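User: I want to go through the terms applied to this model and check how each value meets its cut-off. Please start with the rule for charged pairs.

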Amino acid sequence: MVDRAGHGVVLADGLGRLADEWRREGRRIVFTNGCFDLLHPGHLALLEDAAALGDALMVAINDDASVARLKGPGRPIYPAAERAELLLALRWVDAVTVFEGDTPIEPIRRVRPHVLVKGAEYGPGAIVGEDIVLASGGRVVRYPMRSGYSTSHILKRMTETPGS
């Protein structure tokens, strides 16, 4: 899996180097994260709009164990390698990393993005890494989620009996 800049899936120990490279090139780094378990139009809108906030979009995705803990039995739908491959195929995504644990605090520490993007359902102080980004002069953008496009909602709709 290689992204359009030749980076592919970036391992944890390479995040700082890649971010430094982007900074040397004068690129404004945007960071977002999530499970991205079943890519849908809500994800696409978020990624397109997040990419427009800078010059390089880094997407951090939860590893499979984390998705299973956070989302429950039967998840993830796609393993991390396949989720990363799907994201790297999108023109807005410059690099993907897979993180262990339930929060992306370590990738955020390593990347030190100029802009951190998360869903608007997270209030002030509730976004992991917000303090790091703000302390380094960056900004946090709360993105309004598109109604009806959560993966959990889509899966529920798919398993409901028609007419029920």
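Analyst: A salt bridge is a side-chain nitrogen of Lys or Arg within 4 Å of a carboxyl oxygen of Asp or Glu. The model is a predicted one, in which local features need pLDDT of at least 70 and side-chain atom pairs count only at pLDDT 80 or more, while totals for chains, interfaces and linings use all residues. Residues are numbered from 1 along each chain as its sequence is written, and side-chain values use heavy atoms, with hydrogens and water left out.

User: Why is the pair Asp102 and Arg69 called a salt bridge?

Analyst: The closest N and O atoms of Asp102 and Arg69 are 2.7 Å apart; the limit is 4 Å, so the pair qualifies. Asp102 lies in the loop between strand 3 (95-99) and helix 5, and Arg69 lies in helix 3, so the bridge ties together parts that are 33 residues apart in sequence. Helices (H or I, at least four residues) and strands (E, at least two) are DSSP runs, numbered from the N terminus.

User: What makes Asp102 partly exposed?

Analyst: Its relative accessibility is 37%. Buried means under 20% relative accessible area, exposed means over 50%, and partly exposed is in between (1.4 Å probe, protein chains only). The value for Asp102 falls in the middle range, so it counts as partly exposed.

User: How do you know that Arg112 and Asp20 form a salt bridge, and which parts does the pair tie together?

Analyst: The closest N and O atoms of Arg112 and Asp20 are 3.3 Å apart, which is within the cut-off. Arg112 is in the loop between helix 5 and strand 4 and Asp20 is in helix 1 (residues 15-24), so the parts tied together are 92 residues apart in sequence. Arg112 has a relative accessible area of 36% and is partly exposed; Asp20, at 32%, counts as partly exposed.

User: How many salt bridges does the structure hold?

Analyst: The structure holds eight. Glu25, Arg27 and Asp94 are linked in a network of salt bridges.

User: Why is His43 called buried?

Analyst: His43 has 14% relative accessibility, so it falls under the limit and counts as buried. His43 is in helix 2 (residues 41-51). Its side chain reaches the backbone oxygen of Leu38 at 3.5 Å.

User: What is His114 in contact with?

Analyst: Contact means heavy atoms within 4.5 Å. Leaving aside neighbours within four places in sequence, His114 is in contact with Arg23, Arg27, Arg28, Ile29, Val133, Gly138 and Arg139. The side chain of His114 reaches the backbone nitrogen of Ile29 at 2.7 Å. His114 sits in the loop between helix 5 (105-111) and strand 4 (115-119), and at 25% relative accessibility it counts as partly exposed.

User: What makes a set of residues a nonpolar core, and which members of the largest one touch the most others?

Analyst: A nonpolar core is a set of buried Ala, Val, Leu, Ile, Met, Phe, Trp, Tyr and Cys residues joined through side-chain atoms within 4.5 Å. The largest has 22 residues, and Leu47, Leu57, Val59, Ile61, Leu87, Val93 and Val96 touch the most other members. Helix 2, strand 2 (56-62), helix 4, strand 4 and strand 5 (139-143) each supply at least two residues of this core. Helix 2 gives the most, with five residues. A second, separate core of 18 residues includes Leu18, Trp22, Phe99 and Val111.

User: Why are Ile77, Tyr78 and Leu86 called a nonpolar patch?

Analyst: Patches are made of residues with over 30% relative accessible area and no salt bridge, with like charges joined within 9 Å and nonpolar side chains (Val, Leu, Ile, Met, Phe, Trp, Tyr) within 5 Å. Ile77 has 32% relative accessibility and counts as partly exposed, so it passes the area limit. Ile77 lies in the loop between helix 3 (64-71) and helix 4 (80-88). Ile77, Tyr78 and Leu86 together have about 230 Å² of accessible area, from the Shrake-Rupley method with a 1.4 Å probe, where for residues only the protein chains shown count as cover.

Notes: Polar contact = N/O pair within 3.5 Å; in protein donor to acceptor, adjacent residues only side chain to side chain.
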